[in-house]
Every structure is written in C-alpha cells, then in structure tokens.
Amino acid sequence: AVRLFVERARLVRGDFTLNAQNAAAIVDICRRLDGLPLAIELAAARVRLLTPEAIRTRLDSRLALLTGGGRDRPERQQTLRAAIAWSHDLLADDERALFRRLAVFAGGWTLEAAESIADAVPPPVSAFDSLAALNDNSLVRQASEDDASRGDEPRFTMLQTIREFGQEALAASGERDTARDAHAVWFLSLAIEAETHLTGPAANAWLERLDTDHDNLRAALDWLAGKRDASNSVRLAAALWRFWWLRGYISEGRSRLEMALALGDSPEPVMERAAALDGAGVLAETQGDYDLAERLHRQALALSRERHDERAIAKSLENLGVLAFDRGDFDQASAFLDESLDLARAHGDRPLTATALNDLGRIAFARGDLPRAQSLYEESLALRRQGGSSSEIARSLNNLGFVAFDLAEFGQARRLFEESLARYRAAGDKWGAAGPLYGLAAAMRHDGDPHGAIALLEESLELFTETGDPRNAAVARLDLADTLRDCDESAKAAAHYRGALAAFASVDDRAGVVDALTGLSRILAQSGALEEAARLLGAAHALLAEAAPAHEPPDEPDESAIALLRSRLGDARFEAAYDAGRALPLARAVALATGDAGG
C-alpha cells in the first residue's frame, strides 16, 4: 500500500520521496484507508498541493464525518466512499460540476463528448481545464491508446465506484435530466453520422467507434425509451441496426428495434421508421424468423411507397428479395431484386446496386448457372472495390470463392476465401467471417485434410451460433457431422446430425431435415441400430417430395444404404421399418431422431 502511494504521488510530483519525515503519515493514511487501492490513489494524488501530514489531517476529519452516517454499509465501502467524497470536496466548483455531469457516460468518453455535456447543462463549465484537474486527482483516468476510439481523440473513463458517487451527486444537484438529455442527443448525432459511413471504405473505423461507445449508446436508448421518446428512439435504433448486424449483436439489436418501434407510430419521422422496420426485418431474417421479417419489410415498403422515396423502396425490395431467396422462391426473389436493381441504378445508388447484383448472383448460383453467377458477383465486386465497405467486398469475394470451387478452380477458391476472411475479420464482422471459414473447410476436405476442415467448421459453427443465425449454424453443423463421419468419429458425428436436424426443423428447412436424417441413418446403420436407421431413412425419403430446394437440393435416396440395410435386416424387417418411417409426420420423425431411441 505504501509503495502504491509513493508511485501515484510521483506521477503528480516527480521529486516526491518516501523519507523519515513523511513515512509515519503515509503508513497511517494507508491504514486508515484499509489498504484500498483506489482510496490510496485518491489520497496520493493530493501531494501536488499537500504534504502527507496535511493529507492525513484532512482525511481523518473527512472519514470521521462520513462513516458515521452509513452504518448499514460494509465498513470497507464506507471507507472508500469517504475517500471519494473527501477528494471530491477538495475540487473547485467548476470541477465538481463537470465531475457529476461526466457520470452520465457509460464506458468512457472523448473530450469532445465531455465538452458537449459541460456546455449543455447550465451553467456551462470549461471541460478542458476541469477534466485535467479530475485526471490529476484520480477521479477520472485517461484511457490507453489501445482503448481510444480514434488515434487523435483521447478517451477518458471513470471507475464504477466513482461513477456511482458522481451519479448520486448529479441526482442531488437537479441536473440529471438535462445531462441525460444532452448525453442522448450527443450519441444520437454520433450514430446518425456513423450510419452514413457503414457501407463505405471508412466502415471499419466507424464500427470500432460505435463498439467503443456501445455502452453509451445503450444508455441513450434506455433513457429515451424510459421517457417514451418515440421519435428519437426510432432515429437512434434505425441508425444502429447495421452496426448490430455486422458486429453480431443480432438478438440485442432485434430487442432494441422492437422496443423503439413499439413506442408508437408517431410522432417519429416516417422514413426513419421505415429504416428501423427494414433493419428489424434483416435481423429477424438472419435468425430464421421469416414470417416476422416479411411483415416488417412489407410495412417498410408501404411507408416508403407512401412517401414516394424510391431509394427506400429499393432497399425494402432488396430485403424482400433476399427473404424470398432464403425461402426457396427464386422467381419471387428475382422479381423483387430486378425491381430493386432498376431503382438503384436510376438513382445512382452504387452500394445498393452492388447489393442487388450480388443477391441476383446468389439466385443464379443456386440454380446452377455458374457463368451468370460469376458475372454478377464480379460486377458487384467491381462496384464495391470502388468505395464499398470491407464487409461488402468480403461478401462478394466469398461468393466468388464458391463459384470457383464448383468450377473445380480450387486454388483460386482458396485465395478468394482467404481474402474474404481477412476482410471480414478486419471489419470485426463475426457473422460474415463464418462464411469463408465454411468455404475454406470445403477446400481442405478436397485437399485431403479433413481434420483441418473440422477445426474450421467448428469455428464457423461457433460464430453462426454466437450471432444467432440458426439456419447457417445448421448447415455448418451438418457439414461438420459429415466430416466427422469421414474421420470415423461416429459418436460426435451423430450428436451433430441431431443438432443440425433440430435446427433445420426449427426454421422449417425440409431439405436440411432430409440431409440430417439421411446422415444420422448412416451412422445408426454403422453402429448396428438397423431398424432405427431404416425408419429414419424412410422418413427422409418421404420428405423428399416436399423439401423445397432452399440453397441446395437434398441428397437423392441412397440406393446403396437401402441395399445394405435390406441385406442385413432381411426384406420383411426392412420394409416394415422403412414404411413406418415413411408414415411418420415431420415432428414425430424429428422427435424420434433427436431422442434417446436408437442412439
């Protein structure tokens, strides 16, 4: 404790030393502060103006005064609060005013943000001079460069214990509501400015800025919702949806958007509401909630058509096109995306043009038209390289990687996946990064390295799961199960087939259900659970006729598996089990496969 006192004292007075004259006072200070590091730092910071003996005298008085009134608090907490109060009371009036106003920030702030709050609450105070004094006295701390949101903007933080004291002082001053309003206005402006950059080359820097201030943005949203400020709640949530999507805060973003939209249809601005509806739809669609996503996108489209906002119309049409594609309705998807592309080109909206081209490429790829898919992806990539974000460029590269793979250009596919992954990671885009990891796993399997593919698929699955994307998580899990089966890890493969089956069933992906049932049937056959394997194979084949080919058609009936089971069970037992499986409803087949029977 003494060593900490001396080190902190030297930060504010370089010539400070521990000597025979001040040692007793320093030891006594540390004892009276119970050795609490924060309390010791607050006291030591005062050597700029006071000797240790003077600090001890003043601290004795403050502790005696304050600890007597809070007997219900733990003794160490009483001591710490007293030390904070003592340091606070030694501040000048302007410094105390700034200190309590800074308590509105959650997770830190920049000098510019501090100045906005200092000026917005009457009477205004000078943030620059007072902030330096607060830093000198350990009531605020300057963050390291690694924690700063921008290299040229210093960032400051306040320890939680000190912030709680400051919030109490702010409430007692009568300034709380004004300060919280100013805080919300500042971060609303930040989010709106950031949103304009999230599809451009500066996206990574702005995503980092928003991530750094995410706690402040949450606090602003909470404050606006508590006030039932529908207008600014919708503005802020609409500006943040892409950030939430790209950084993997899918569930949180959905919740925040739904809360803002639920505050009412007015008086929030109509086009911001349309943007919030579209954003909520994208997040819902990402998590496989297709019915809700369609309702949200159609509401957004209706509002945009009412206002004759053709850019907004194009965005809603693009989102509806992606949704139709994910549902396997390629004709409807093409119609939506063609109209979106025409509007985007008419208005010279390069980001939206590139997005529509990319998504039309996905339809061509799903239909097996690789030359057209490649052409569309390349046109999209060219536009994105002219001024798109790292994530958007990565998306086109990833899609071109799958085209190259299907064209047997495996070296090119690998290069495209690797560049895509690097760009996604540079953008902090967890959801996006899961895609090229999946592609690289396919390349490794082709190169004869299934164990390397397993590691990549596990990472891809983890990212899809973390960001709340059940369908893509199921696809990654299915491929992981197939790869584990090839490596003779049957128990792990069976567990992943069951997990994939449950996930596919949850999003009503019949093609995925068929593939998972088929894979699990093979594992069960290998383990000797022959009748169970035959039932699941029968259930899978019964579903083939109604399985919509969402991205890839399900596997065709495996005649070799049928022949093997028939030979080992005999015709009568095989036919009975197989026919029983064909008669199972989907829910019953899933329950049978994911339960204990035959496992």
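Helices (H or I, at least four residues) and strands (E, at least two) are DSSP runs, numbered from the N terminus. By that rule, alanine 373 sits in helix α20, which covers residues 370-385. We will come back to this residue after a look at the whole chain.

This is a predicted model, in which local features need pLDDT of at least 70, side-chain atom pairs count only at pLDDT 80 or more, and totals for chains, interfaces and linings use all residues. Residues are numbered from 1 along each chain as its sequence is written, and side-chain values use heavy atoms, with hydrogens and water left out.

Start with the overall picture. The chain has 31 helices and three strands. Its C-alpha atoms fill a box of roughly 100 × 60 × 45 Å, taken along the principal axes. There are 599 residues in the chain, and 54% of them are buried. Buried means under 20% relative accessible area, exposed means over 50%, and partly exposed lies in between (1.4 Å probe, protein chains only).

Next, the surface. The accessible surface of the chain comes to about 25300 Å², and carbon and sulfur atoms account for 49% of it. Such areas come from the Shrake-Rupley method with a 1.4 Å probe; for residues, only the protein chains shown count as cover.

Now the charges. The chain carries 68 positive and 94 negative side chains. Lys and Arg count as positive, Asp and Glu as negative; His and the chain ends are not counted. The centres of the two sets lie 5 Å apart. Each charge is placed at NZ of Lys, CZ of Arg, CG of Asp or CD of Glu.

How do parts of the chain meet? A contact means heavy atoms within 4.5 Å. Among contacts between residues at least 6 apart in sequence, 65% join residues at least 24 apart.

Back to alanine 373. Is it buried or exposed? Alanine 373 counts as buried because its relative accessibility is 0%. Setting aside residues up to four places away in sequence, alanine 373 touches Gly361, Ala364, Phe365 and Val403. Leucine 360 is 13 residues from alanine 373 in sequence, and their C-alpha atoms are 7.6 Å apart in space.

Serine 340 belongs to helix α18, residues 330-346. Serine 340 is buried, so its relative accessible area of 0% falls under the cut-off. Its side chain reaches the backbone oxygen of alanine 314 at 2.8 Å. Apart from neighbours within four places in sequence, serine 340 is in contact with Ala314, Leu317, Glu318, Leu352 and Ala356.

What about cysteines? A disulfide is a covalent bond between the sulfur atoms of two cysteines. Here the rule asks for a pair of cysteine sulfur atoms within 2.5 Å. By this rule, the count is zero disulfides. Cysteine 30 is buried, with a relative accessible area of 6%. Cysteine 487 is also buried, at 15%.

Finally, look at the backbone in some loops. The peptide bond from proline 122 to proline 123 is cis, with omega near -10°. Proline 123 lies in the loop between α7 (111-120) and α8 (127-136). Arginine 228 is not a glycine, yet it has a positive phi of about 55°. Arginine 228 is in the loop between α12 (214-226) and α13 (230-246), and it counts as exposed at 56% relative accessibility. Aspartate 488 is not a glycine either, and its phi is positive, about 60°. The loop between α25 (470-486) and α26 (490-506) holds aspartate 488, which is exposed at 68% relative accessibility.

Notes
Polar contact = N/O pair within 3.5 Å; in protein donor to acceptor, adjacent residues only side chain to side chain.
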